[in-house]
Amino acid sequence: MDTSNPAVFVNGELLPMWVGRRVRAVVQVLRTEGGSFLGKSTDDRQLTIKGPIPQHLTTYVEVIGIAESNQSIRGEIFTNFGDNFDIVPYNRLCQLANGEHKSLFI
């Protein structure tokens, strides 16, 4: 496993801390717009996901890519997480991965 460029777990609130870096986020797909889609983060913030968007997206998608701004990610890897996903534990994971337990994740 390549650990040279890890993707940090983020939600909408934490994304600005990692602009220019590789991140991973689970978003609820709200609508697609050409080569991007509008999504809602696990902490209820609106994010724009850009990149080579797969044709079929489920309601919840994990995106791994580069944080371009406070509200956008240029996606590289997209993983469908289905139409039912419990956002509360994932959001807590993001907080732990960027807080007191950061050393365990990066």
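Predicted model: local features only at pLDDT ≥ 70, side-chain atom pairs only at ≥ 80, totals over all residues.
**Exercise 1. In which loop is Asn-84 found, and is Asn-84 buried or exposed?**

Residues are numbered from 1 along each chain as its sequence is written, and side-chain values use heavy atoms, with hydrogens and water left out.

Solution. 
Step 1. Asn-84 belongs to the loop between β6 (72–80) and α1 (87–97); helices (H or I, at least four residues) and strands (E, at least two) are DSSP runs, numbered from the N terminus.
Step 2. The relative accessible area of Asn-84 is 73%, so Asn-84 is exposed. The classes are buried for under 20% relative accessible area, exposed for over 50%, and partly exposed in between (1.4 Å probe, protein chains only).
Step 3. Arg-31 is 53 residues from Asn-84 along the chain, and their C-alpha atoms are separated by 17 Å.

**Exercise 2. Describe the secondary structure and overall dimensions of the chain.**

Solution. 
Step 1. The C-alpha trace spans about 35 × 25 × 25 Å along its principal axes.
Step 2. Of the 106 residues, 42% count as buried.
Step 3. Contact means heavy atoms within 4.5 Å. Among contacts between residues at least 6 apart in sequence, 52% join residues at least 24 apart.

**Exercise 3. Characterise the surroundings of Thr-58.**

Solution. 
Step 1. Thr-58 lies in the loop between β4 (46–50) and β5 (60–69).
Step 2. With a relative accessible area of 15%, Thr-58 is buried.
Step 3. Neighbours within four places in sequence being set aside, Thr-58 is in contact with Val-29, Asn-80, Phe-81, Gly-82 and Asp-83.
Step 4. For Gly-82, the side chain of Thr-58 reaches the backbone nitrogen at 3.1 Å.

**Exercise 4. Which residues does Leu-15 touch, and is Leu-15 buried or exposed?**

Solution. 
Step 1. The loop between β1 (8–9) and β2 (22–33) holds Leu-15.
Step 2. Leu-15 has a relative accessible area of 0% and is therefore buried.
Step 3. Not counting residues up to four places away in sequence, Leu-15 touches Val-10, Val-23, Leu-47, Ala-67, Ser-69, Asn-70, Gln-71, Ser-72 and Ile-73.
Step 4. Gly-35 is 20 residues from Leu-15 in sequence, and the two are 21 Å apart in space, C-alpha to C-alpha.

**Exercise 5. Classify Ser-36 and Asp-44 by location and accessibility.**

Solution. 
Step 1. Ser-36 lies in strand β3. Its relative accessible area is 12%, so Ser-36 is buried.
Step 2. Beyond residues up to four places away in sequence, Ser-36 touches Thr-48, Ile-49, Lys-50 and Ile-53.
Step 3. Asp-44 lies in the loop between β3 (36–41) and β4. At a relative accessible area of 55%, Asp-44 is exposed.
Step 4. Phi of Asp-44 is near 70 degrees, a positive value in a residue other than glycine.

Notes
Polar contact = N/O pair within 3.5 Å; in protein donor to acceptor, adjacent residues only side chain to side chain.
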